[in-house]
Amino acid sequence: MTGSERIKFWDLVKSAKIKYDKVPISTAKNLAFVREQLITVRRLNIYVGFVIHVLLILLGYYFLQVWYDFGKFTGNRQYDFWQIFDFFASYILIANSLHPIAHLIAGVFCGIGFKGFLFTISWYPASLELDYESYLNAGSTRRKILHLSGVLEAWTITIYYSYIAFNSIWTWILPICILLLYIAGYFTKNKKLLGDVFAFQRERRNSILYKKIRILKVKEAIKKK
């Protein structure tokens, strides 16, 4: 695909603002095709990617057990470098690897499919590639649930790790850092950092607009009678 063709595809996607609950099948197929053409990174099979993320979660759990052997942070002793490393390595591995699995589980219940994992980082299949047609046809409520699952997973893991590091300054540092990261991402509109948050807000706005349009149509129908 040439550069000019890619720009045309991108313009089509940007102009195709979804302002209704469910997208017509023909429109969903066309948008899914356009989105497919825009993806140039490698894709990993969904089942292989799932296994990789489970293994990363187990590795994170191993680091957590090593950290437990050191003992909890108490605030009245010098911390060993590897003690701090094990704690945060475990948090990063488990939080990042559980994120796509949370989406997969939500997708099963919401009827939204996935095509595989995308190598957005050269060595790590970091993000899920949606079956965009099923995503558009799912309706705004199910799309909101899908994106909310990612946000809830991130904060659940953060709160859990804050809890197990109880009775020290580390209890507050982790959630505060994540919150500051969220705030920075929100004001800079960094969609890579806060993709689920922005997507949830988009679906919320669209669902409100859809309800308003539906109410207006009902009122117009009543007037015609």
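Reader: How do helix 3 and helix 6 run, roughly parallel or roughly antiparallel to each other?

Author: Keep in mind that this is a predicted model. In general, two packed helices are described by the angle between their axes and the distance between the axes. Here, helix 3 (residues 46–70) and helix 6 (residues 140–164) pack at about 20 degrees, and their axes are 12 Å apart. Angles under 35 degrees count as roughly parallel, so helix 3 and helix 6 are roughly parallel to each other. Their crossing is right-handed.

Reader: Which residues in helix 3 and helix 6 meet?

Author: From helix 3 come Leu64, Trp67 and Tyr68, and they meet Tyr160, Tyr161 and Ile164 of helix 6. Sorted by class, that contact has six nonpolar residues, no polar and no charged ones.

Reader: And at what angle do the axes of helix 3 and helix 4 cross?

Author: At roughly 150 degrees, with the axes coming within 8 Å. Angles over 145 count as roughly antiparallel, so that is how helix 3 and helix 4 run. This crossing is left-handed. The contact has 22 nonpolar, six polar and one charged residues.

Reader: Now the core: which residues touch the most other members of the largest nonpolar core?

Author: Ile112, Phe114, Tyr135, Leu136 and Leu146 do, out of 20 residues in that core. Among the elements giving two or more residues to this core are helix 2 (25–38), helix 4 (81–110) and strand 2 (114–118). Another core, of 12 residues, lies apart from it and includes Phe87 and Ile178.

Terms used:
Residues numbered from 1 in each chain as written. Predicted model: local features only at pLDDT ≥ 70, side-chain atom pairs only at ≥ 80, totals over all residues. Heavy atoms only, no water. Core = buried A, V, L, I, M, F, W, Y, C linked by side-chain atoms within 4.5 Å. Buried < 20%, exposed > 50% of the residue type's maximum accessible area, 1.4 Å probe, protein only. Helix = DSSP H or I, 4+ residues; strand = E, 2+ residues; numbered from the N terminus. Axes fitted to C-alpha atoms, helices over the stretch in contact; angles between N-to-C directions. Parallel < 35°, antiparallel > 145°, perpendicular 65-115°, else oblique. Left-handed = near helix turned anticlockwise from the far one by under 90°. Contact = heavy atoms within 4.5 Å. Nonpolar A, V, L, I, M, F, W, Y, C, P; charged D, E, K, R; others polar.
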